[in-house]
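Me: Please take a close look at a single part of the structure shown below. I would like one connected account of that part and of what surrounds it.

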Amino acid sequence: MVRVRAIRLDDETPAAVRDTTRLVDLAIDFSHPPGEITAALTALFQEAIDSKRWARREPPAGPTAAT
C-alpha cells in the first residue's frame, strides 16, 4: 500500500519516505517550490532503487485494465 500525506517537514526537506514490506509512506511538504519537491522525490525513489529496496519492473505485455 502507498500512502501520501501533505505534512509540514519544518523546512528540513521537501519530501520524505518511510517504507516497510507492506507500506510506502510518502510525506510531502508543499510549502517548497514544485521543482524542489520533484527533485526530492526523484532522489528518494532513485536511492530506493540503487539500494535494491525497490526494483524497477516493466509492465506486462498485452492489454491492460485501462484499455
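**The aromatic pair and its setting**

Reply: Phe45 is partly exposed, with a relative accessible area of 32% (buried means under 20%, exposed over 50% and partly exposed in between, with a 1.4 Å probe and protein chains only). The model is predicted, so local features need pLDDT of at least 70 and side-chain atom pairs pLDDT 80 or more, whereas totals for chains, interfaces and linings use all residues. Residues are numbered from 1 along each chain as its sequence is written, and side-chain values use heavy atoms, without hydrogens or water.

A search of the whole structure finds one aromatic pair. Phe45 and Trp54 form this pair, with 5.6 Å from centre to centre and 40° between the planes, and the arrangement is tilted (ring centres of Phe, Tyr or Trp, its six-membered ring, within 6.5 Å; planes under 30 degrees apart are stacked, over 60 edge-to-face, the rest tilted). Trp54 is likewise partly exposed, at a relative accessible area of 22%.

Helix H1 spans residues 34-50 (helices are DSSP runs of H or I with at least four residues, strands runs of E with at least two, numbered from the N terminus). H1 packs on the sheet and touches S2 and S3 (contact: heavy atoms within 4.5 Å). The direction of H1 makes about 25° with that of S2 (axes are fitted to C-alpha atoms, for helices over the stretch in contact; angles run from 0 to 180 degrees between N-to-C directions).

The sheet itself is open, with three strands in the order S1-S3-S2 and mixed pairing (a pair needs at least two DSSP bridges). S1 (2-6) and S2 (15-19) are edge strands with a single partner each, so one side of each has no neighbour in the sheet. From one strand to the next, the twist averages 15°.

S1 runs parallel to S3 (residues 24-28) over five bridges, and Arg3 has Asp25 as its bridge partner in S3. S2 and S3 are antiparallel, also over five bridges, with Val17 opposite Leu26. Four residues separate S2 and S3 in their hairpin.

Between S3 and H1 lies the loop that holds His32. His32 is buried, with a relative accessible area of 13%. Its side chain makes a polar contact of 3.0 Å with the side chain of Glu36 (N or O atoms within 3.5 Å; within protein, one able to donate a hydrogen and the other to accept it, and sequence-adjacent residues count only if both are side-chain atoms). Leaving aside residues up to four places away in sequence, His32 touches Asp11, Thr13, Pro14 and Ile37.
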